[in-house]
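Reader: I would be grateful for a close look at one helix pair in this structure, and then for an account of the other places that deserve attention alongside it. Please give the cut-off for each term as it comes up.

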Amino acid sequence: MPNKVFVLDAEGKSLLPTLPARARILLKRGKAKVESIYPFTIRLLHVIDNPVGSFGVGIDDGSRHVGVAIVNDVTNEALFVGEIELRQDVKRLMKQRAQYRRSRRSRNLRHREPRFNNRVGSRLPPSIRSRKESIIRFIRDMQKRVRITHATVEEVSFNHYTHRWGRQFSLVEVGKIFLREQLDKLGLSVEPIEGWMTANWREFTNTHKSHGNDAVVILGKQKRIELPEVYYMILPRRSRIWEGNPTKKHVERFGFRHWDIVKATRARKTVVGCVRSLKEKQLALRTPKDFNFLVSYSKSRLVWRPNSLVYLPVT
């Protein structure tokens, strides 16, 4: 099934997605303009009084990858299927920062006094918080495009009787509770699904196993939902910029910036990726298959400059 085009009106209200052919006609006639390339979104130049549409989001939660899907409640069409690449360096960076602070105290330099009660009332480690907040960032971004009313989340059962730490130290469940609380704050009704149910529904519908497809399956349950042509890899872009980063030699070079989505050609192979680093003679791109794809500036073309999340199509 071809990917639908997300549509907004002149005031930014989300409308029902449309077919690519219809979107091309609106753009050609000057009735709409391009809002974003990935995922493709257009904005009408007039206001729609009563927008309609109801959509659900499926979340196949994991520690490294999170499958996400958005399905139309009426037509049972999968409008968006993708996979969020979660950060794996938060724990290491937190430990490194603590070591820097300890070393400054031992050298009797200007330093902050040690704190031992800075997590009172919260048992959620920063690494888990970062992963769950990446999911919330995605949902908030998609709520700008479609009206999401409910969420289905795959739960992971934890056997407390075989672990001596007890319930309060189950980081898996603590993270799930935090995710449900954040979904409630977004006004979504949450339906939990267990992992064995996902496996049975995937086998029943004969769906290929992937994190994004599992997110579709938990929304459709025993219904066969047609998947879109384009599968997306989603990279949560860092919002905090490290000023004075010694490894960053260029902020902008030949019109390219960090996190720009670029279409590049190397050895007769065309790829779409986002800029990882700006080297003297080459670009280093993050692509769905290679996170360090080197290509020359002359064979690269800027496609889109995202503001928040980075959506890369997987071919």
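Author: A helix crossing is called left-handed if the near helix is turned anticlockwise from the far one by less than a right angle, and right-handed if it is turned clockwise. The model is predicted, so local features need pLDDT of at least 70 and side-chain atom pairs count only at pLDDT 80 or more, while totals for chains, interfaces and linings use all residues. Residues are numbered from 1 along each chain as its sequence is written, and side-chain values use heavy atoms, with hydrogens and water left out.

The pair in question is H2 (residues 90-106) and H3 (residues 126-143), whose axes come within 8 Å and cross at roughly 140°. Axes here are lines fitted to C-alpha atoms, for helices over the stretch in contact, with angles from 0 to 180 degrees between N-to-C directions. H2 and H3 are therefore oblique to each other; angles under 35 degrees count as roughly parallel, over 145 as roughly antiparallel, 65 to 115 as roughly perpendicular and the rest as oblique. The crossing of H2 and H3 is right-handed. On the H2 side the contact (heavy atoms within 4.5 Å) is made by Val90, Lys91 and Met94, and on the H3 side by Pro126, Ser127 and Ser130. By class, the contact of H2 with H3 has three nonpolar residues, two polar and one charged. Nonpolar covers Ala, Val, Leu, Ile, Met, Phe, Trp, Tyr, Cys and Pro, charged covers Asp, Glu, Lys and Arg, and polar the others, Gly among them.

A second pair may be set beside this one. The axes of H5 and H6 come within 9 Å and cross at roughly 90°, and H5 and H6 are therefore roughly perpendicular to each other. Thr198, Trp201 and Arg202 of H5 meet Asp214, Val217 and Ile218 of H6. The residues of this contact of H5 with H6 divide into three nonpolar, one polar and two charged. In the loop between H5 (195-204) and H6 (211-220) lies asparagine 206. Its phi is near 55°, a positive value in a residue other than glycine. Asparagine 206 is exposed, at a relative accessible area of 65%; buried means under 20%, exposed over 50%, and partly exposed in between (1.4 Å probe, protein chains only).

Alanine 267 also has phi near 55°, again a positive value in a residue other than glycine. Alanine 267 is in the loop between strands E12 (261-266) and E13 (269-278), and counts as exposed at 71% relative accessibility.

Arginine 286, in strand E14 (residues 282-286), is buried, with a relative accessible area of 15%. Its contacts, leaving aside neighbours within four places in sequence, include Leu235, Trp259, Phe291 and Leu312. Arginine 276 lies 10 residues from arginine 286 in sequence and 6.0 Å from it in space, C-alpha to C-alpha. The side chain of arginine 286 reaches the backbone oxygen of valine 275 at 3.4 Å.

A cis peptide bond, with omega about -15°, joins tyrosine 38 and proline 39. Proline 39 is in the loop between strands E2 (32-36) and E3 (41-44).

Taken as a whole, the protein chain holds six helices and 17 strands, where helices (H or I, at least four residues) and strands (E, at least two) are DSSP runs numbered from the N terminus. Buried residues make up 43% of its 315 residues.

Note on methods. Polar contact = N/O pair within 3.5 Å; in protein donor to acceptor, adjacent residues only side chain to side chain.
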